[in-house]
Amino acid sequence: MFGYVVAERASLSPEDLQRYQSCYCGLCRCIGQRYGSFQRAALSYDLTFLVLLLSSLYEPEEQTSLGRCAAHPLKQHSAWQTPSTEYAAAMNMVLAYYNCMDDWHDDRTLRSLLQARLFRRSAGEASAAYPEQRDAVIRCMETLSRIEADDVQEPDAGASAFGRLMGQLFVWKNDRWAPLLRQMGESLGRFIYLTDAILDLPSDLKHGAYNPFRTRAAQGIQKEDLLPVLKILMGECTQAFERLPLLQDLSLMRNILYSGVWTRFYWNDRKPGKEEHHV
């Protein structure tokens, strides 16, 4: 359920694109420095957005650097980090571990177990610093497991659970901005869960996997039928976003929330020259 909170790169200015990539590289380096090189396999652009958001809101000191990495050994790349980068790196580890454990419980494959063990120690270190976020992840995974086991055909049940998880992850500090950040995270989490479920429906039906829209498939449900709900959820998310006192990277974050989050939803519908902004 990751890979939805991304930028629509074609619409970014060169400056915003560089800023975005440098934030991503900063998160990658932070994971490598704090948890190990192999742990960088869990790197997610979804958490890159969280770095942008929290850094813009709290304006912590920013450190920039140049360097090479295994993925790009021939050319130096710029990277920037703030204390919110460390927070996002920790959340990346917690999510990676519990996601792998969930896969292990579902399919019992050696690959899932080995991946879970790879992230176990890192997740433990991150969890110790952020117990509320860890507990939110555990509760969400347990709830989603029960929903799947009981074959619950009410999409809002899983969406609500994932929304609560994302809401807690967005709250870095329990301060005056926590309610708006929680609203952002909850709405975005519900959006991600429903979008992921409707896009996975054809594959899940083919392989007999759980999907909360399975019974609606017989009624001919199409992904476009979900658009009104998804637009409402992103409207709630952006409403909270626009109430935050954000200046730095504002155009970049708006690109992500107003356009980028729709990229996968419309992926198969794209035509050359088709407008990319959907909300």
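User: Which residues does Thr195 touch, not counting residues up to four places away in sequence?

Analyst: Thr195 touches Tyr4, Leu230 and Phe265, where contact means heavy atoms within 4.5 Å. The place of Thr195 is in helix α7, residues 178–207; a helix here is a DSSP run of H or I with at least four residues, numbered from the N terminus. This is a predicted model, in which local features need pLDDT of at least 70 and side-chain atom pairs count only at pLDDT 80 or more, while totals for chains, interfaces and linings use all residues. Residues are numbered from 1 along each chain as its sequence is written, and side-chain values use heavy atoms, with hydrogens and water left out.

User: Why is Thr195 called buried?

Analyst: The relative accessible area of Thr195 is 0%. Buried means under 20%, exposed over 50% and partly exposed in between, with a 1.4 Å probe and protein chains only. Thr195 therefore counts as buried.

User: What makes Arg182 partly exposed?

Analyst: Arg182 also lies in helix α7, but its relative accessibility is 27%, and therefore it counts as partly exposed. Beyond residues up to four places away in sequence, Arg182 touches Gly167, Gln168 and Val171.

User: Is Ala178, at 9%, buried or exposed?

Analyst: Ala178 is buried, because its relative accessible area is 9%. Ala178 is found in helix α7 and, leaving aside its neighbours within four places in sequence, is in contact with Val171 and Lys173. Ala178 and Asp204 are 26 residues apart in sequence and 36 Å apart from C-alpha to C-alpha.

User: How do you know that Ser127 is buried?

Analyst: Ser127 has a relative accessible area of 5%, so it counts as buried. Ser127 lies in helix α4, residues 110–129. Setting aside its neighbours within four places in sequence, Ser127 is in contact with Val94 and Arg134.

User: What is noted about the phi of Asp151 and of Asp249?

Analyst: Most residues other than glycine have a negative phi. Asp151 is not a glycine, yet has a positive phi of about 55°. Asp249 is not a glycine either, and its phi is positive at about 60°. Asp151 lies in the loop between α5 (131–149) and α6 (155–170), whereas Asp249 lies in the loop between α9 and α10. Asp151 counts as partly exposed because its relative accessibility is 32%; Asp249, at 11%, counts as buried.

User: Why is α2 called oblique to α10?

Analyst: Helix α2 (residues 45–58) and helix α10 (residues 250–258) pack at an angle of about 135°, with their axes 10 Å apart. That angle makes α2 oblique to α10: under 35 degrees counts as roughly parallel, over 145 as roughly antiparallel, 65 to 115 as roughly perpendicular, and the rest as oblique. Axes are lines fitted to C-alpha atoms over the stretch in contact, and angles run from 0 to 180 degrees between N-to-C directions. On the α2 side the contact involves Phe49, Leu52, Leu53 and Ser56, and on the α10 side Leu252, Met253, Ile256 and Leu257. These residues divide into seven nonpolar, one polar and no charged.

User: What makes α1 roughly perpendicular to α10?

Analyst: α1 and α10 pack at an angle of about 80°, with their axes 9 Å apart. The angle therefore makes α1 roughly perpendicular to α10. Asp16, Arg19 and Tyr20 of α1 make the contact with Ser251, Leu252 and Ile256 of α10. The residues of this contact comprise three nonpolar, one polar and two charged.

User: Which residues in α10 are buried, and what covers them?

Analyst: In α10, Leu250, Leu252, Met253, Asn255, Ile256 and Leu257 are buried. Their cover includes α1 (14–35), α2, α7 and α9 (227–242).

User: What is meant by the largest nonpolar core, and which residues have the most contacts inside it?

Analyst: A nonpolar core is a set of buried Ala, Val, Leu, Ile, Met, Phe, Trp, Tyr and Cys residues joined through side-chain atoms within 4.5 Å. The largest one has 91 residues, and Leu53 and Met184 have the most contacts inside it. Helix α3 (residues 83–107) supplies the largest share of this core, 14 residues. Leaving aside neighbours within four places in sequence, Leu53 is in contact with residues including Phe170, Leu181, Met184 and Met253.

Definitions and conventions. Helices (H or I, at least four residues) and strands (E, at least two) are DSSP runs, numbered from the N terminus. Ala, Val, Leu, Ile, Met, Phe, Trp, Tyr, Cys and Pro count as nonpolar, Asp, Glu, Lys and Arg as charged, and the others, Gly among them, as polar.
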